[in-house]
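Colleague: I would like to learn how to read domains and cores in a model. Could you take me through this one?

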Amino acid sequence: MIENAYDWEHLPHVHSSSFKSIELFDEGAWGWQAKVILPDSRAQHLELLVDRDNNYWATTVLSGDARGFEIHTHATERKSREIDVLVKFYLPQAFSKILKLLNVSQRLLPFSLYKRFARKLGVYKVAKNEKPKISILKTLQRQYSVLYDEDEILMSSRQDAIDHRKESKLNDAPHSLVLGTPEQLNQQLPKVVQFGKQRFVINQWPDEWRVYAAECPHLLGPLENAQIDQNGQITCPWHGYKFDINTGKSCEKQTLFLAKPPSLKLLDGHLCLVSAASDSSHQN
Ligand code: FES
Ligand SMILES: [Fe+2]
């Protein structure tokens, strides 16, 4: 979870319904500061502070709407692979004035005017017959559960990918693997196959067979369902890095490459994956 908290880069990709973009100002073991653009184009300056030893981290809105709001998270390990997570929302002191104004206006104004007034004060969701403080808390809880569910999918897929890597370290790459006839394979695209220690995607682009790694070399993001764009590039859903499926090269980070794929050959009417080593010995 702490790794996920440090990971500012995933916000607009994994949480695209909550963040449009992010620009990092600074980061370190202490946390990070960044400007985020929300889906309705409002901007916020966020700061994350991490107390790693105590598995505690706090996010504060430093400027923009909701300035002074804080979310504190504390994770405690129960047993292996089980943690308790305590989340606390803090409203800024200055907000108590706004709450008072909202309380009064809720009693005096018709609901439609009260809603407009609340918006002017930067409170975007209020419910009829509900105390403004409760409406705000419910909105925060709703937003946080969306973020949390999206993160849970990322974190558990990453853990699965790490576990899978450990297990497959024992597997040596086979010399070749028969996949089936082109017609059979065509029905199953994109097809993911395990070949030695790695998983690869078999696909067609634009109308030729392609093989490329099913895992992103950055943090093991899933690439099997990434669409191939008109430039022959796929985009990782976790942090948005693009990779050229022909060269395996990352378009953002020069040092990142997709795992080298085996060759795809048509042998006796069947498509086969052939390891690079046996492919070159075959040619010699
Ligand atoms: S896991 Fe980060 S870009 Fe793929
Ligand atoms: Fe997240």
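**Domains and cores**

Modeller: The protein chain splits into domain 1 (2-94 + 124-166) and domain 2 (176-283), with bounds from an automatic or database domain assignment. This is a predicted model, where local features need pLDDT of at least 70, side-chain atom pairs count only at pLDDT 80 or more, and totals for chains, interfaces and linings use all residues. Residues are numbered from 1 along each chain as its sequence is written, while chains are lettered from A and ligands numbered from 1 in the order in which they are written.

Colleague: How many residues of domain 1 are in contact with domain 2?

Modeller: Contact means that C-beta atoms, placed from the backbone, lie within 7 Å. Here 9 residues of domain 1 meet 8 residues of domain 2, and the C-alpha centres of the two domains are 34 Å apart.

Colleague: Which element gives the largest share of the side of domain 1 that touches domain 2?

Modeller: Helices are DSSP runs (H or I, at least four residues) and strands likewise (E, at least two), numbered from the N terminus. The largest share, 5 residues, comes from α5; α2 (11-14) and α5 (132-168) each supply at least two.

Colleague: And which residues touch the most other members in the largest nonpolar core?

Modeller: In soluble globular proteins, nonpolar side chains tend to be buried together. A nonpolar core joins buried Ala, Val, Leu, Ile, Met, Phe, Trp, Tyr and Cys residues through C-beta atoms within 7 Å; buried means 20 or more other C-beta atoms within 10 Å of a residue's own, again placed from the backbone. Among the 21 residues of the largest core, those touching the most other members are Phe200, Val201, Tyr212, Ala213, Leu223 and Cys236. Strands β9 (198-204) and β10 (209-213) each supply at least two residues of this core.

Key: Contact = placed C-beta atoms within 7 Å. Buried ≥ 20, exposed ≤ 12 C-beta atoms within 10 Å, placed from the backbone.
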